[in-house]
Amino acid sequence: MSGVTVVAAERRVFIDKQSPKAYQALLAAAEAAREVAAEAGLDRRLVELVNLRVSQINGCAYCLNVHTRAALRAGETTQRLGVLPAWRDAELFTARERAALALAEATTDPSDIVAQQAAYALARQALTEEEISAAIWVAIAINAFNRVSIMSKHPVRPTPGV
């Protein structure tokens, strides 16, 4: 494993539980981002696509589990969820969705300036300024939650009947 030592059954600090005041502030920020998205006209399916794409990039199993179920409840299809990592190569996503997904990816890896500029150009063609802002805020919020869950190593356990 290339010099990496793996500790079996490592117990991590659940930082959301350890520092509830900070976590509550994060929850409030995420709620505000959801409200901004709704006010801008981004439907819940699109918000969940952004949540999922960011969580895929970050490798957050816990958030992927939570937001896959939320996307399905919002009416998302298993086909679109299955091809989401390759959204650029599928004809299943609208121009608005593509723009929001590109912004989500650029927000998640802001060091890629070329991708960031391309995402913003795409967004300018398909989204209003309110929608651009909302999509970026949703991506910022889920990026923060991904880090909380990854660093806490929140478990994903089997869900009966799913």
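How are H6 and H8 oriented to each other? The close-ups below, all taken from a predicted model, start with that pair.

**View 1. Helices H6 and H8 packed together.** Two packed helices are described by the angle between their axes and the distance between the axes. Here the angle is about 45° and the axes of H6 and H8 lie 9 Å apart. H6 and H8 are therefore oblique to each other, and their crossing is right-handed.

**View 2. The residues where H6 meets H8.** From H6, look for Arg96, Ala100, Leu103, Ala104, Thr107 and Thr108. Facing them from H8 are Glu131, Ile132, Ala135, Ile136, Ala139, Ile140 and Asn143. By type, this contact holds eight nonpolar, three polar and two charged residues.

**View 3. The largest nonpolar core, with 39 residues.** Leu42, Leu49, Val50, Leu84, Phe93 and Leu103 touch the most other members of this core. At least two core residues come from each of H2 (20-40), H3 (44-58), H4 (61-73), H6 (95-108), H7 (113-126) and H8 (129-152). H8 gives the largest share, nine residues.

**View 4. The surroundings of Phe93.** Setting aside neighbours within four places in sequence, Phe93 is in contact with Leu49, Val83, Leu84, Trp87 and Leu101, and also with Arg80 and Arg98.

**View 5. Arg53, a buried arginine in helix H3.** Its relative accessible area is 12%, under the 20% cut-off, so Arg53 counts as buried. Not counting residues up to four places away in sequence, Arg53 touches Leu84, Pro85, Trp87, Leu101 and Glu105.

Methods
Residues are numbered from 1 along each chain as its sequence is written. This is a predicted model: local features need pLDDT of at least 70, side-chain atom pairs count only at pLDDT 80 or more; totals for chains, interfaces and linings use all residues. Side-chain values use heavy atoms; hydrogens and water are left out. A nonpolar core is a set of buried Ala, Val, Leu, Ile, Met, Phe, Trp, Tyr and Cys residues joined through side-chain atoms within 4.5 Å. Buried means under 20% relative accessible area, exposed over 50%, partly exposed in between (1.4 Å probe, protein chains only). Helices (H or I, at least four residues) and strands (E, at least two) are DSSP runs, numbered from the N terminus. Contact means heavy atoms within 4.5 Å. Axes are lines fitted to C-alpha atoms, for helices over the stretch in contact, and angles run from 0 to 180 degrees between N-to-C directions. Angles under 35 degrees count as roughly parallel, over 145 as roughly antiparallel, 65 to 115 as roughly perpendicular and the rest as oblique. A crossing is left-handed if the near helix is turned anticlockwise from the far one by less than a right angle, and right-handed if clockwise. Ala, Val, Leu, Ile, Met, Phe, Trp, Tyr, Cys and Pro count as nonpolar, Asp, Glu, Lys and Arg as charged, and the others, Gly among them, as polar.
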